[in-house]
Amino acid sequence: MLLDNSYSNMDTVSFWQEKLANTRALLDKVEQAIYSLTQNEVTEYTLDTGQNRQTVKRQDLGSLHLQRERLLSEIDQLERKLGLHGSAARQIVPGY
């Protein structure tokens with residue numbers, strides 16, 4: 001999926017939020033393809049990312065799993081950049 005053409009007018013946070021939303025949408029498409037090829041009795045699946053259409057087959061499952069892992073890593077990095085990873089619990093121990 002492409003960012004909106006107005007991205008150059010976005011503030012930094014909005015830009016990264018848009019990037020995160022697009023990456024999550026792409027992850028969803030990849031997971032749909034993996035599910036269809038492993039759970040259903042289909043031998044091909046058309047992966048439509050919004051930018052292009054690609055037909056993947058069962059023998060492409062390895063590539064799809066690698067792409068899934070890369071997307072999960074990218075989402076993790078974007079969430080950290082946006083401060084969406086929650087807070088870390090810290091124990092403060094007074095010095096002796």
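Q: Why does K19 count as partly exposed?
A: Its relative accessibility is 29%. Buried means under 20%, exposed over 50%, and partly exposed in between, with a 1.4 Å probe and protein chains only. So K19, at 29%, counts as partly exposed. This is a predicted model, where local features need pLDDT of at least 70, side-chain atom pairs need 80 or more, and totals for chains, interfaces and linings use all residues. Residues are numbered from 1 along each chain as its sequence is written, and side-chain values use heavy atoms, without hydrogens or water.

Q: What makes T12 exposed?
A: T12 has a relative accessible area of 56%, so it counts as exposed. T12 also lies in α1. L82 is 70 residues away from T12 in sequence, yet 9.8 Å away in space, C-alpha to C-alpha.

Q: Which elements does the protein chain have, and in what order do they run?
A: There are two helices and two strands. From the N terminus on, the order is α-β-β-α. Helices (H or I, at least four residues) and strands (E, at least two) are DSSP runs, numbered from the N terminus. Of the chain's 96 residues, 21% count as buried.

Q: How do you know that β1 and β2 pair?
A: Five bridges join β1 to β2 (residues 53-57). Pairing takes at least two bridges found by DSSP, so the strands pair. They run antiparallel. D48 stands opposite R53, and L47 stands opposite Q54. Four residues lie between the strands of this hairpin, where G50 takes a positive phi near 95°.

Q: Which residues of β1 are on the covered face, and which on the uncovered one?
A: In β1 (residues 44-48), Y45 and L47 form the covered face. E44, T46 and D48 form the uncovered one. In a regular strand, side chains alternate between the two faces of the sheet.

Q: How many aromatic pairs are there?
A: The count comes to one. The rings of F15 and W16 have their centres 5.0 Å apart and their planes at 80°, so the pair is edge-to-face. Rings of Phe, Tyr and Trp (its six-membered ring) pair if their centres lie within 6.5 Å; planes under 30 degrees apart count as stacked, over 60 as edge-to-face and the rest as tilted.

Q: Why do F15 and W16 count as partly exposed?
A: F15 has a relative accessible area of 24%, so it is partly exposed. W16 has 25% relative accessibility, so it also counts as partly exposed.

Q: What sits over the ring of W16?
A: The charged end of K81 does, 4.4 Å from the ring centre. The rule asks for NZ of Lys or CZ of Arg within 6 Å of the ring centre and within 35 degrees of the ring normal.
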